[in-house]
Amino acid sequence: MVTNVTEWLDDTAQRFGGKIAICDKEGAMTFADIRDKAFGIADEIIRMGIGHNRPVVVFLEKSAKVLISFMGIAYSRNFYSPVDIDMPDARIEKILEILEPELVITSYALSGQFRQIGYTGKMLIYEDVKPVSGNKAEKVKLAQKQIIDTDLLYVLFTSGSTGIPKGVSITHRSVIDYVEWVTGTFGITENDRFGNQAPFYFDNSILDIYCMLKTGASLYIIPKEMFSQPVMLLEYLKKNKIDTIFWVPSALIMVSRLKAFRDVDLTGVLKRVLFCGEVMPNKQLNIWRKYLPDCVYANLYGPTEITDACTYYIVDREFSDEESLPIGIPMKNTEIMILDENNGLIREPGRAGELCVRGTSLAVGYYNNPEKTREAFVQNPLQRAYEEKIYRTGDIVKYNERYEIIYLSRKDFQIKHLGHRIELGEIETAASSLDEVSMCCCLYDEKKNKIVLFLEKNISKEDLNLKLKELIPEYMLPGKVIYIEELPLNANGKVDRIKLKEYLS
Ligand code: AMP
């Protein structure tokens, strides 16, 4: 039985030592290279007397170095917390206050920036660490043996509504459970190549990183700038024979919207197109499916708090542009409960409720924040005999006639307008199915009681409402349309709703 993820790296380095593990701007590293460097990092951490089950911050630009640091920290029996180097100082300060880390791994180039934030603790400079081979890593191996599967592997920070970041704390066991499901379900092997889009401080990257470490597949870190140049992006996939991608829908839409498939044919190269993180409009997915009909497409759904994803739908039938793509069914070893306002279990199709999750995938809570933990991770209302936590996602969903789960919107995007209960997500789904619209976002202006639709492409408000009228009831039509050259994206690559809210004031 695997009790911690470093056992996967031991195993792949043993079996595929000379094979490419990670490819970034600086070149390629083999599994043996990354294991030895990770041993070196773990050895230093132990030598510095950090102890165990302590947070170690990684402050490095996106590269193989980040992932190797993660593994070094895990080997040393500690847990990692990546901090985005472009994050505003004030937010980094808040994260450091919560974590109280004793150590940060960084580079010569970035160490000054980190000190300026006011960090006075220990630093390990990545470039200074020498690789250590297995036979010289006795202390590391001793530490590794003592890891148990309920120990934390990482803490990822998500934004909190109060402006205080929340550190989602995930154990080795949750990642092992999830990645075993992913690799089994999609048949991932050492012959596969992943094209990584997700930043390593965003939980979508868990799938890429740990599929690579578990199976011996290779991980190509796609340079960020390519995500605004679709033809170059597809050429990169072709040149590097990438067969699997797991991106946020906004990245996939950028490709289909600009019809990059006309210039680069990926037939026979790309095998799996997986996505998660926000709604994937069928109109855009249909373009992907038209040009690459033989790929497996899968819609994964889940928040950071349940280890990346908890439901999935492998696309198995045709959808019209205006239909919603299901988020599907629960992953193995996970139960999804749709609860109504009175905590009653919804079993019948059509009735909306909050998606709640039960299972090994649940985070242990928010680091150093018992209050927020208690709010989101609550006693299962259907179990009174013993303590059992469920996670309340705040997402409103329903079953369709096939008992697949359909995502409707966030709880906070459910509004009351002219007496009607409206899911803003439903308006977005209708608008994104129109030919003239590639990306859109719907917000509610509470001060003016208006539904506001942000659009990238120009279609007059009159035409828009005329077409929308055929898809949604009159009371759901946007009262205001704001045209915007390009919808802003947040650091994770999803549409940035917080930035769009600024237009309402
Ligand atoms: P994050 O914790 O940043 O991964 O964000 C999680 C939230 O993104 C979920 O609670 C949903 O609101 C949204 N989300 C994730 N996956 C999907 C999906 N496949 N379809 C629609 N919304 C999604």
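This is a predicted model: local features need pLDDT of at least 70, side-chain atom pairs count only at pLDDT 80 or more; totals for chains, interfaces and linings use all residues.
Salt bridges number 27 in the structure. One of them connects aspartate 149 and arginine 173, with the closest N and O atoms 2.7 Å apart. This pair links distant parts of the chain, 24 residues apart: aspartate 149 belongs to the loop between α6 (138-145) and β7, and arginine 173 to helix α7 (residues 172-186). Both aspartate 149 and arginine 173 are buried.

Glutamate 318 and arginine 289 form another salt bridge, their closest N and O atoms being 3.7 Å apart. Because glutamate 318 sits in the loop between β14 (311-314) and β15 (329-330) and arginine 289 in helix α11 (residues 282-291), the pair ties together parts 29 residues apart in sequence. Here glutamate 318 is exposed, at 65% relative accessibility, whereas arginine 289 is buried, at 16%.

Within helix α1 (residues 6-16), arginine 15 and aspartate 11 are four residues apart, and therefore separated by about one helical turn. Their side chains meet in a salt bridge of 3.3 Å, N to O. Salt bridges also link Asp192, Asp243, Lys271 and Arg272 in a network.

Finally, Lys447, Lys448, Lys450, Lys461 and Lys480 make up a positive surface patch. Lysine 447, in the loop between β24 (440-445) and β25 (450-455), is exposed at 76% relative accessibility.

Technical notes: Residues are numbered from 1 along each chain as its sequence is written. Side-chain values use heavy atoms; hydrogens and water are left out. Patches are made of residues with over 30% relative accessible area and no salt bridge: like charges are joined within 9 Å, nonpolar side chains (Val, Leu, Ile, Met, Phe, Trp, Tyr) within 5 Å. Accessible areas come from the Shrake-Rupley method with a 1.4 Å probe; for residues, only the protein chains shown count as cover. A salt bridge is a side-chain nitrogen of Lys or Arg within 4 Å of a carboxyl oxygen of Asp or Glu. Lys and Arg count as positive and Asp and Glu as negative; His and the chain ends are not counted. The place of a charge is taken as NZ of Lys, CZ of Arg, CG of Asp or CD of Glu. Helices (H or I, at least four residues) and strands (E, at least two) are DSSP runs, numbered from the N terminus. Buried means under 20% relative accessible area, exposed over 50%, partly exposed in between (1.4 Å probe, protein chains only).
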